[in-house]
Each structure stands twice: as C-alpha cells, then as structure tokens.
Amino acid sequence: MMIRGHTGVLKPNFSIMLLEMPTLKCHKFKFGTTSTFQTSPNHEKRRGLITKLQYSRGDRRTVSKSLHSTITSKPYSSKVGRKEGSASSLYSRPSLVEMKNVRQENRAKVYEFLRGIGIVPDELDGLELPVTVDVMKERVDFLLKLGLTIEDINNYPLVLGCSVKKNMVPVLDYLGKLGVRKSTFTEFLRRYPQVLHSSVVVDLGPVVKYLQGMDIKPSDIPRVLERYPEVLGFKLEGTMSTSVAYLVGIGVARREIGGVLTKYPEILGMRVARVIKPFVEYLESLGIPRLAVARLIEKRPHILGFGLEKRVKPNIQLLLEFNVREAYLSSIVAQYAEIIGMDLETKLPSQRNLLKSIIELDNNNFGTIIEKMPQVVSLSSSAVNSHVDFLKSCGFSLQQVKNMVIGCPQLLALNLDIMKHSFQFFRKEMGRPLDDLVAFPAFFTYGLESTIKPRHRKVVQKGMTCSLSWLLNCSDEKFAERMTYDTIDMEEMETAPTFDMSSLTQPRYDESDSDYEEDSEEET
C-alpha cells in the first residue's frame with residue numbers, strides 16, 4: 001500500500017499549523033497473524049493532538065479518529081465552518097448607533113419623569129444622569145427627605161448628577177461626624193448644594209484642617225460650617241489665606257484670629273482689595289486709628305460685612321444731615337460700630353420724632369445726643385418712656401429731664417432698679433438737692449457700692465464740700481490725690497466724661513462687652 005500525504009506538526013508550545021490533507025487512496029489488505037503494525041508512543045501522542053485540534057466549536061466538522069476509515073476531506077471546509085459559526089455567536093454586540101439611540105431613549109424617559117414632578121431638566125444636557133427612571137427617582141426622593149423642595153432642586157438642578165451612595169451619603173456622614181446638626185442640613189444644602197459634588201478626602205478634609213490651623217476650636221468647627229457652608233468650596237491658597245494675612249497685618253492679634261473667624265467666618269470669602277482694605281481705609285479717613293480699627297474688628301468682626309458703598313457711606317452722610325458734627329464721627333463709630341450698618345434712613349427720623357414727642361427735644365440737640373450715646377438710635381419707645389417716667393417721679397420737671405437727657409443720654413438706657421437704689425442713697429444719705437443731679441446726671445452711671453458710697457464717706461470724714469462731678473468724674477488714683485488737696489480746683493469740677501479713643505488701641509484681654517450695653521439691650 002502506498003499512502004501519499006504529508007502532515008506537519010509543530011511543537012505544542014508554539015502555534016500549530018494543520019495543512020490541508022489531500023485525498024487518500026487506500027487498498028485493501030489483510031494483516032496476517034504474524035504481521036504487526038506498530039507505532040511509536042510519540043506518534044500516538046502526536047496523532048491524538050492532531051485529532052483534538054481538528055475538533056472545533058459549533059458546527060465545525062470533525063475528522064475521524066480511526067485510520068481504518070475512509071477519509072474524504074473537502075477543500076476550504078474549515079473556512080466555511082468558521083463563517084457558519086460566526087452567524088450563531090452568543091456574544092453579538094450592538095452598533096454604536098444602536099447604543100446612542102438607547103441612551104437617548106433612556107434620557108428622554110428620565111426627562112419626562114422630571115418634568116412630571118415639576119423639575120426643569122434644561123440645564124442637565126451633557127450631564128451624566130442615571131440610565132433609568134428608578135435611579136433618578138431615588139435621588140429626588142433622597143433630596144426631598146433632606147427637606148429640600150422642588151424649587152430648591154430647580155435652583156441648582158446639577159445636584160441630580162450626584163449619586164446617593166457615592167456622593168450624598170458620604171458627604172453628609174462626614175458633616176455629621178464633624179458635629180454639624182442634622183436639623184441644619186436643609187439650610188446648609190440650600191446655601192451650598194455644590195458640597196454634594198465634593199470628595200471628603202480631597203476637598204472637605206483639607207479645608208477643615210485649615211480652619212483648625214487658624215485656631216478655631218474643634219468644637220466650634222460645626223458652628224462655623226453651619227453659619228458659612230460656602231467656606232468648604234474655597235481654595236486654601238486663595239482668598240482665605242490673603243484675608244487672614246491682611247487682618248494680622250493691620251494689627252488684629254494673631255491669637256484673636258480664631259475667635260474672629262468663629263464669630264464671622266464670612267471674612268474667609270472676602271477679597272482684600274475689593275472689600276476689606278477699602279473698608280479699613282474709610283474708617284481711618286473718619287479719624288479712627290488703624291490699630292483702633294483692628295480692635296473693632298476683633299470685637300465685632302461682622303462690621304466688615306456692612307456694604308461700604310451701599311450702606312456705610314450713606315449712613316455717615318445721614319448722620320451729618322441730622323446735626324452730628326464731623327469731628328465726632330470717629331467716636332460715634334468707635335462707640336457703636338453697628339450704627340454704620342443700620343437702616344438710618346428710617347431710624348433717625350423715627351427716633352428724633354420719638355424724643356421730640358416725649359421730652360420736647362429740638363433737632364440740634366438730637367445730634368448732640370447721638371454724639372454722646374449713638375445707641376440712642378436703637379432704643380425702643382417703651383424704654384424711653386419708662387426712664388422718663390422714673391425721672392419725673394423723682395421730682396424733676398420736664399425741662400429738667402430734657403436737660404439731663406441732653407447732658408447724659410445714657411439715662412434712657414440704664415437699669416431702672418440700679419437707678420432707683422442710687423437715687424435713694426442720694427436723697428437719704430447724701431442729702432443733696434435735685435439740682436446737683438441736673439448738673440451732673442452721669443451720677444447714675446457710677447456703681448453705688450464700688451464708687452459712690454466709699455467716696456462719699458471719705459469726703460464727709462474730711463469735712464469737704466464738693467460737686468458730684470468733682471467727687472465721681474475721675475479715676476481712683478486721681479480721687480486719692482484729690483483727698484490731699486486743701487482746696488477744690490474749680491476747673492476739675494467742670495470736666496465732663498468723654499469717650500477715650502485710646503481705649504481701643506490697648507491690647508484685648510478677652511474682655512466681654514460692657515455692662516452698659518447689656519443693660520441697654522435688655523431695656524430695648
């Protein structure tokens with residue numbers, strides 16, 4: 001028998017080529033009992049490998065395993081088999097056009113859902129949105145549970161691009177761990193919904209660290225964020241750092257920065273050149289020293305938020321129109337900085353008419369009262385009436401009351417119980433005439449136990465007769481010196497108490513607001 005054919009087998013660890021086998025011609029023959037057809041083990045292995053390789057997936061044809069069967073191979077059969085297999089593949093992929101059409105259909109359904117609940121999706125074009133209505137409904141429901149309204153979402157529709165699990169929940173959990181109250185989340189998100197786009201690690205964490213580095217106490221961080229959530233979106237090397245550096249540069253004590261930012265964190269978002277610097281320079285132009293301005297900012301940092309052009313400058317002009325002298329503007333602002341941020345266009349006429357109706361005050365003296373006590377613009381009618389009624393009950397005439405108020409406007413804001421005790425001591429122990437109080441109404445502003453009683457006893461023991469002004473209008477050191485005098489200096493008796501601007505240039509020692517201001521607020 002002659003077999004013509006050739007089969008090439010490469011090594012198993014390389015690509016295997018199976019050449020097309022030609023037609024085989026087989027002749028019948030018989031094996032004798034003594035004949036043995038032997039094949040080597042290696043040949044058997046190779047033949048098995050070839051046989052396995054000839055099997056394929058799908059409808060590919062197989063080659064008979066036995067060499068005893070007749071083999072008839074058709075040319076190009078393997079190629080035909082591959083074409084047939086591709087037609088029945090389980091992994092067919094849609095075309096790009098089909099995928100685009102599906103996305104458009106899904107987005108149209110999402111838009112239809114949003115419009116159905118009142119949300120305008122016009123700004124969402126180009127934003128990656130959920131592919132199903134169910135996922136979008138989950139986002140909307142989550143935001144509504146936080147207290148936001150459809151109107152809030154319409155104000156910032158891009159919030160719908162935030163995933164509940166990947167964005168919203170991690171951010172809100174982080175804020176909660178910092179101590180931000182859940183009850184404030186609604187207002188927090190209304191003011192700064194962009195926080196939901198933030199990364200806790202990349203965006204929020206560094207800002208919180210910066211605030212702590214500004215000596216804001218960890219316990220105060222939540223209140224700072226609640227008051228000014230926009231701070232979470234600022235760059236550390238931008239506005240925040242420059243505003244703090246400028247304040248320190250004008251004299252705000254470094255140790256006070258933490259307290260200043262805690263009281264008014266909005267400073268961190270103010271531009272130095274546009275807001276802070278022009279404000280400081282304008283106060284300086286009124287006659288307030290720069291260091292005094294720094295002390296005002298330490299104590300009441302919110303004054304930086306008063307609009308310079310829209311509020312501060314117009315208010316200064318109004319004060320001048322109501323007979324306040326220009327030389328007193330600096331002391332007015334230094335005493336009561338809030339006056340430059342009020343609606344004076346309404347308050348000044350109202351307070352002038354109030355005092356005119358109660359004590360018959362004229363327009364010129366109204367300006368004098370503001371110079372001495374600018375807080376008068378905030379007093380309520382009930383406070384003014386109650387204090388005037390008390391003075392009348394002491395025996396003063398309306399004219400005397402008017403003169404006393406012009407001389408010491410603080411009479412309209414002091415604690416009435418303290419005034420009553422002081423007046424009782426004045427009448428019973430001191431035995432002085434009412435005219436002494438008309439001449440020096442500031443008597444009521446001094447502490448009864450700390451100043452009036454001890455000084456009165458010393459004067460009585462020495463057998464001296466003096467005015468209330470000479471007795472009270474001086475420091476303890478000056479009074480001790482006066483006790484060494486043989487005669488009373490008449491010029492010293494005429495000295496009236498005035499505001500000392502230098503008191504603002506002294507370093508702060510965490511002093512609280514004056515008792516007078518607290519009393520005036522209680523009375524109003």
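Trainee: Where is Glu360 placed?
Mentor: In this predicted model, Glu360 sits in the loop between α16 and α17 (363-372).

Trainee: Why is Glu360 called exposed?
Mentor: Exposed means over 50% relative accessible area. Glu360 has 53% relative accessibility, so Glu360 counts as exposed.

Trainee: What is the phi of Glu360?
Mentor: Phi of Glu360 is near 55°, a positive value in a residue other than glycine. Most residues other than glycine have a negative phi.

Trainee: Which loop holds Asp215, and what makes Asp215 partly exposed?
Mentor: The loop between α8 (200-213) and α9 (221-227) holds Asp215. Its relative accessible area is 46%. Buried is under 20% and exposed is over 50%, with partly exposed in between, so Asp215 is partly exposed. Asp215 also has a positive phi, about 65°, although it is not a glycine.

Trainee: How do you know that α14 and α16 are roughly parallel to each other?
Mentor: The axes of helix α14 (residues 308-321) and helix α16 (residues 344-359) cross at roughly 20°. Angles under 35 degrees count as roughly parallel, and α14 and α16 are therefore roughly parallel to each other. Their axes come within 10 Å, and α14 passes α16 in a right-handed crossing.

Trainee: Which residues of α14 and α16 meet?
Mentor: From α14 there are Asn315, Leu318 and Leu319, and they meet Leu344, Glu345 and Leu348 in α16. By class, this contact has 4 nonpolar, 1 polar and 1 charged residues.

Trainee: Why is helix α13 described as mostly covered?
Mentor: Buried means under 20% relative accessible area. In α13 (residues 290-299), 7 of the 10 residues are buried, so the helix is described as mostly covered. The buried residues are Ala292, Val293, Ala294, Arg295, Leu296, Ile297 and Glu298.

Trainee: What do the buried residues of α13 pack against?
Mentor: They pack against α10 (236-250), α11 (257-263), α12 (272-285) and α15 (329-335).

Trainee: How many helices and strands does the chain have, and what share of its residues counts as buried?
Mentor: The chain has 26 helices and 0 strands. Of its 524 residues, 40% count as buried.

Trainee: What share of the contacts joins residues at least 24 apart?
Mentor: Among contacts between residues at least 6 apart in sequence, the share is 68%.

Methods: Residues numbered from 1 in each chain as written. Predicted model: local features only at pLDDT ≥ 70, side-chain atom pairs only at ≥ 80, totals over all residues. Heavy atoms only, no water. Buried < 20%, exposed > 50% of the residue type's maximum accessible area, 1.4 Å probe, protein only. Helix = DSSP H or I, 4+ residues; strand = E, 2+ residues; numbered from the N terminus. Contact = heavy atoms within 4.5 Å. Axes fitted to C-alpha atoms, helices over the stretch in contact; angles between N-to-C directions. Parallel < 35°, antiparallel > 145°, perpendicular 65-115°, else oblique. Left-handed = near helix turned anticlockwise from the far one by under 90°. Nonpolar A, V, L, I, M, F, W, Y, C, P; charged D, E, K, R; others polar.
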